[in-house]
Amino acid sequence: MPKLFLMSLGCNKNLVDSEIMLGRLSNYEICDEPSMADVLIVNTCGFIDSAKKESINAILDLHEQRKKDSLLVVTGCLMQRYREELMKELPEVDLFTGVGDYEKIDEMILKKTNLFSTSTYLQDENTNRVITGSNYHAFIKIAEGCNQKCSFCAIPSFKGKLKSRNLKSIINEVKELVSKGYKDFSFIAQDTSSYLFDQGQKDGLLKLIEAIENIQGIKAARILYLYPTSISKEVIEKIIQSKVFVNYFDMPLQHISDNMLKIMKRGANKAKLIELLNLMKQAPNSFLRTGFIVGHPGESNEDFEELCAFIKEFGFDRISVFAYSKEEDTAAFDMEQIPSKTINARLKVIEKIVDECIEKSFNQQVGKKTLAFCEGQSSEGEFFIGAKDIRWDRNIDGEILINESDCSDLEMGELYECEITQSLDKKLIAKALRKLDD
């Protein structure tokens with residue numbers, strides 16, 4: 001069999017697209033060594049400057065490693081966004097494609113032709129996708145594109161307007177995965193809370209949640225990337241009441257001062273955000289994740305201090321912070337920019353605050369019992385078994401290290417009740433008490 005090496009960069013939405021390509025290339029043997037591959041694919045990210053640099057470096061690095069007569073293919077957001085420039089500047093690459101042709105990757109390689117469809121690609125129920133990295137968890141993409149007009153974000157310029165996936169297609173995929181043993185699902189899109197808005201339906205997530213709840217065999221589900229102006233109290237309450245969806249609330253805020261929220265075109269003021277956050281926080285066993293941008297044009301010292309104070313006070317479980325990235329095709333591009341020296345200084349201040357908040361969230365779990373999926377050998381090696389809290393999303397929220405067990409054997413992908421005994425360097429040490437019966 002010919003060998004395939006695939007590198008998926010950026011977000012988990014990209015990962016889903018990469019898994020769709022793997023499904024189309026099932027006649028290839030997947031290999032971990034670029035130098036052994038007959039075909040090398042880089043699924044790029046083009047969101048912010050650091051991601052763009054990472055993608056370009058990855059392409060050039062793979063070109064250096066690949067063997068003679070192999071095929072180097074570049075796809076994804078970066079290619080879609082900078083198609084003309086990159087096709088001129090990257091002679092190292094053999095084939096180029098954007099974000100609309102993942103299901104035609106096999107045809108493209110066979111014919112050795114570039115492909116750039118203008119239509120939005122949405123997975124359908126007949127798609128053969130290869131899930132990677134887990135035997136129990138899968139990401140499910142429910143929409144593509146975005147209708148929001150955030151001042152800093154170029155995604156709508158190359159991903160287009162929101163286009164929701166057919167609900168039946170989503171349900172059929174989840175049922176198929178459950179039949180293969182998958183039991184934990186994360187539903188993702190650029191703006192999940194706008195699901196079905198393009199079809200004239202408000203609160204399409206209510207329909208999605210109800211449909212998923214009716215599928216037997218799911219142990220946990222969560223919804224990522226909620227948007228403050230498209231999420232409703234009804235959806236939040238539906239999640240809280242659900243026996244399948246965990247109380248995991250991922251709502252990137254980007255800022256908290258009314259001045260900055262207006263400049264960033266976020267569509268909601270501070271009072272509205274706090275109202276939504278408090279509703280989420282009051283849920284039993286809730287878990288709150290958010291993200292903020294530092295140094296966006298117009299951010300005064302007072303705005304930044306207000307943001308720092310808010311992060312200290314509110315008590316998020318996980319927080320991502322990013323330095324503002326000046327991007328073409330955004331409203332902020334032509335605004336007066338804040339000096340990079342100021343941005344970097346602010347980033348250092350806020351990163352320290354964020355570290356303290358996350359550490360506090362981990363420490364609060366000590367002495368508690370939680371449900372966790374066994375993930376096999378941990379990142380710390382063979383002395384621990386790795387596990388994921390049932391509330392957490394995969395890979396981004398932390399790791400539980402099991403060093404004691406009342407169970408004879410811990411099985412990968414199975415759910416266990418664990419007692420948290422210690423918090424250490426943003427990891428939790430635990431004892432496995434019992435396996436939960438199906």
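Predicted model: local features only at pLDDT ≥ 70, side-chain atom pairs only at ≥ 80, totals over all residues.
**Helices H7 and H8**

- Helix H7 covers residues 167-179 and helix H8 covers residues 204-213; their axes come within 10 Å and cross at roughly 30 degrees.
- Because angles under 35 degrees count as roughly parallel, H7 is roughly parallel to H8.
- The crossing of H7 past H8 is right-handed.
- On the H7 side, the residues that meet H8 are Leu167, Ile170, Ile171 and Val174.
- Their partners in H8 are Lys207, Leu208, Ala211 and Ile212.
- By residue type, this contact has 7 nonpolar, no polar and 1 charged.

**Helices H11 and H12**

- Helix H11 spans residues 270-281 and helix H12 spans residues 301-314; the two pack at an angle of about 15 degrees, and their axes are 13 Å apart.
- That angle makes H11 roughly parallel to H12.
- H11 passes H12 in a crossing that is right-handed.
- From H11, the contact is made by Lys270, Ile274, Leu277, Asn278 and Lys281.
- From H12, Glu306, Phe310 and Phe314 take part in the contact.
- Sorted by type, the residues of this contact are 4 nonpolar, 1 polar and 3 charged.

Note on methods: Residues numbered from 1 in each chain as written. Heavy atoms only, no water. Axes fitted to C-alpha atoms, helices over the stretch in contact; angles between N-to-C directions. Helix = DSSP H or I, 4+ residues; strand = E, 2+ residues; numbered from the N terminus. Parallel < 35°, antiparallel > 145°, perpendicular 65-115°, else oblique. Left-handed = near helix turned anticlockwise from the far one by under 90°. Contact = heavy atoms within 4.5 Å. Nonpolar A, V, L, I, M, F, W, Y, C, P; charged D, E, K, R; others polar.
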